[in-house]
Amino acid sequence: MWPLLLALVLTAGLIGLSLFTGVADITAPDGDGGEFLWITRIPRTASLVLAGASMAMAGLVMQLMTQNRFVEPTTVGTTEWAGLGLLVTYILLPESGIVGKMAVAIVFAFAGTLVFFVFLRRVTLKSSLIVPIVGIMFGAVVSAISTFLALRFNLLQVIGGWFLGRFTGIEVGRYEPLWIVLGVSIMVWIAADRFTVAGLGRDIATNVGLHYERVVLLGVGLVAMTTGVVTVVVGALPFLGLIVPNLVAMVRGDDLRSNLPWVFLTGIWIVTLCDLIGRTIIMPFEVPISLVLGVVGSAVFIAMLLRTRRIRVS
Amino acid sequence: MSADLGIRPSARTTRSFADPAHRRRYRFALAALIVGAVVITALLLCWDNPYVPFSERWLRISRMRVSGVLVVAVVTFCQAFATVAFQTATNNRIITPSIMGFESLYVLIQTAIVFFFGVAGVSGFDPFTRFLLQSALMVVFAVLLYSWLLSGRFGNLHVMLLIGIILGTGMGALSTFLQQMLDPNEFDVLAARLFGSITNANTDFLWFVVPVCAAVGGTIWMLSKRLDLIGLGRDISTNLGLNHKRQVMLVLTLVAVLSAMSASLFGPMTFLGFLVATLAYAIADTYDHRLLLPMAWLLGYVALGLAYFLLKHVFTLVSAATIIVELIGGLVFLVVILRKGRL
């Protein structure tokens, strides 16, 4: 219990730090610090927490269902599909509001992830490392389609802006849809044991009386929803879902339910820290968080790969 | 496409072709590609030129288009030769220099130089010296990094491939990160160098790039017989008296030079090399590099040239030419992996 409490204190500290970081001084007695706090700081920090925790969770659920440590929304193309969906709404239904865009993005993310799952099942790729390779290429193909469409319809800037995950424009009135992922996270919490069992593989899961297909569909649905919402509001957050569950599993093993709070917290820490770096390093400007995540994430990922490699050799 | 990429018993003979029919097939394919390349070149140079053929104005427009054609030719040459040689050196048909992040490395080095030395520091050199320095740095780093990666300590192919892909992504993110931290003036200077397409390719140094590519490509061509040996794998080629490691390093260096040239001219392209190498193996159906290399180049030239022509004159979307080729290349990559079910 104590470690968790300590972790919560750390999280609170980081959240506080995030609230007080910025160009405007919100503690100044005169001036409009309070307004800043309510209009941008709190929404921003809230969305950091929501996006960080939920993308880490999405990675965990996907890794369980594919029984593969290297799978997450950005390595199987879920994010790219969500982006394609977003683009399609810009082209076909330019009048639709953020909720409509989000719905389409979620549908695309869901369909794309299912396609990938079917792919995997049909070819039964044995090596765990081929799965992310195929996934990344799959994502690259989808994003090439997006880029082509964007060029055709002169939306290149939209897609470019979308692809860079960032929390810069987050303020009251723009970020509220993110609260949806809170609901999704609660559902994952409720279904946690079922995902754990599904993670043992189809045969075992079926043997112990689990409706395997249904659980996988539920999992893909929840992941797609999270990815769709986060992608539309914030953008792509690379490597987050990959690194967090792996770090947690390295320390704590594989029980989903007791790991879940740690996955949420670690997700929040990493996102908050990367955002702090991005915000302070070129004050008063900002570096989009996806770039910080991309640099940090790829370094951690490679370190993890080399580590598993060394273990397997020795 | 006969995508049977497995080793056929017939291909193990020392001759390049299994039988006369095979040779005829190769020659026919080569001839068809040459005709295709000539037609594409003619179309690219002459199509939609409003003036009287061979009048002065007509010639002027055609001459302006020559640099576009040259860019297509040089880029496909670099990609084809680099990829085929790289695949042989690493003894694998899936990985290519671009998938392993060679070009992201180039972009990163370019960015890092501007970032650490500033525009003032960089413009102290004349542009050509800078270009040379950057290319040299790229070659050195690439050889160091990839000889470490490929040197068997992490010799598991999948680990290596995944590390390569992630390295590419990471270096891409790092470059963009550094670019965001540059001030806008510096960024403009850099951006002019980095984002290429056929129409705004960086043609300033074409006079230098073309001979270098010709020399390096020529060297690879001369090394064909040695490449054939390297392709047999470390053990067999060592048994046959080849210093395998040294030869692989040599090939990697040449590949790094070609990749640097292609990236400096054009910007990163991931799947073009893969596409042409895979198709060349499927069509030529041989392991003789002397036959493979020109086939791969011609295929690349016809593919990129055709995409460029169609998108320029039929769909008026010229900047999408590379995207289309990339898209097709990516799809072929997926199909190859999925059909084999393994790497």
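In chain A, residues 24 or more positions apart account for 76% of the contacts with a separation of 6 or more. The model is predicted. Chain A has 13 helices and zero strands, and chain B likewise has 13 helices and zero strands.

**Chain A overall**
- Along the sequence, the elements of chain A follow the pattern α-α-α-α-α-α-α-α-α-α-α-α-α.
- Chain A has 314 residues, and buried residues make up 55% of them.
- The accessible surface of chain A comes to about 13500 Å². Carbon and sulfur atoms hold 69% of that surface.

**Chain B overall**
- From the N terminus on, the elements of chain B run α-α-α-α-α-α-α-α-α-α-α-α-α.
- Chain B has 343 residues, of which 54% count as buried.
- Among the contacts in chain B with a separation of 6 or more, 77% are accounted for by residues 24 or more positions apart.

**Helices α1 and α12 of chain A**
- Two packed helices are described by the angle between their axes and the distance between the axes.
- Helix α1 (residues 2-20) of chain A packs with helix α12 (residues 256-280) of chain A at an angle of about 25°, and their axes are 10 Å apart.
- Because of that angle, α1(A) is roughly parallel to α12(A); the cut-off for this term is an angle under 35 degrees.
- The crossing of α1(A) and α12(A) is left-handed.
- On the α1(A) side, the contact is made by A:P3, A:L4, A:A7, A:L8, A:L10, A:T11, A:L14, A:L17 and A:S18.
- On the α12(A) side, the contact is made by A:P261, A:W262, A:L265, A:I268, A:W269, A:T272, A:L273, A:L276 and A:R279.
- Sorted by class, the contact of α1(A) with α12(A) has 14 nonpolar, three polar and one charged residues.

**Helices α3 and α10 of chain A**
- Helix α3 (residues 78-92) of chain A and helix α10 (residues 212-233) of chain A pack at an angle of about 60°. The axes of these two helices are 9 Å apart.
- The angle makes α3(A) oblique to α10(A).
- The crossing in which α3(A) passes α10(A) is right-handed.
- From α3(A), the contact is made by A:T78, A:T79, A:A82, A:G83 and A:L86. From α10(A), the contact is made by A:T227, A:G228, A:T231 and A:V232.
- The residues of the contact of α3(A) with α10(A) divide into three nonpolar, six polar and no charged.

**Residue A:I133**
- A:I133 lies in helix α5 (residues 130-152) of chain A.
- The relative accessibility of A:I133 is 0%, so A:I133 counts as buried; the cut-off for that term is under 20%.
- A:I133 and A:L256 are 123 residues apart along the chain, and their C-alpha atoms are separated by 25 Å.

**Residue B:Q247**
- B:Q247 is found in helix α10 (residues 244-266) of chain B.
- B:Q247 has a relative accessibility of 10% and therefore counts as buried.
- Not counting residues up to four places away in sequence, B:Q247 touches B:R226, B:I230 and B:L242.

Conventions:
Residues numbered from 1 in each chain as written. Chains lettered and ligands numbered in written order. Predicted model: local features only at pLDDT ≥ 70, side-chain atom pairs only at ≥ 80, totals over all residues. Heavy atoms only, no water. Axes fitted to C-alpha atoms, helices over the stretch in contact; angles between N-to-C directions. Helix = DSSP H or I, 4+ residues; strand = E, 2+ residues; numbered from the N terminus. Parallel < 35°, antiparallel > 145°, perpendicular 65-115°, else oblique. Left-handed = near helix turned anticlockwise from the far one by under 90°. Contact = heavy atoms within 4.5 Å. Nonpolar A, V, L, I, M, F, W, Y, C, P; charged D, E, K, R; others polar. Buried < 20%, exposed > 50% of the residue type's maximum accessible area, 1.4 Å probe, protein only. Areas by Shrake-Rupley, 256 points an atom, 1.4 Å probe, with all protein chains shown as cover.
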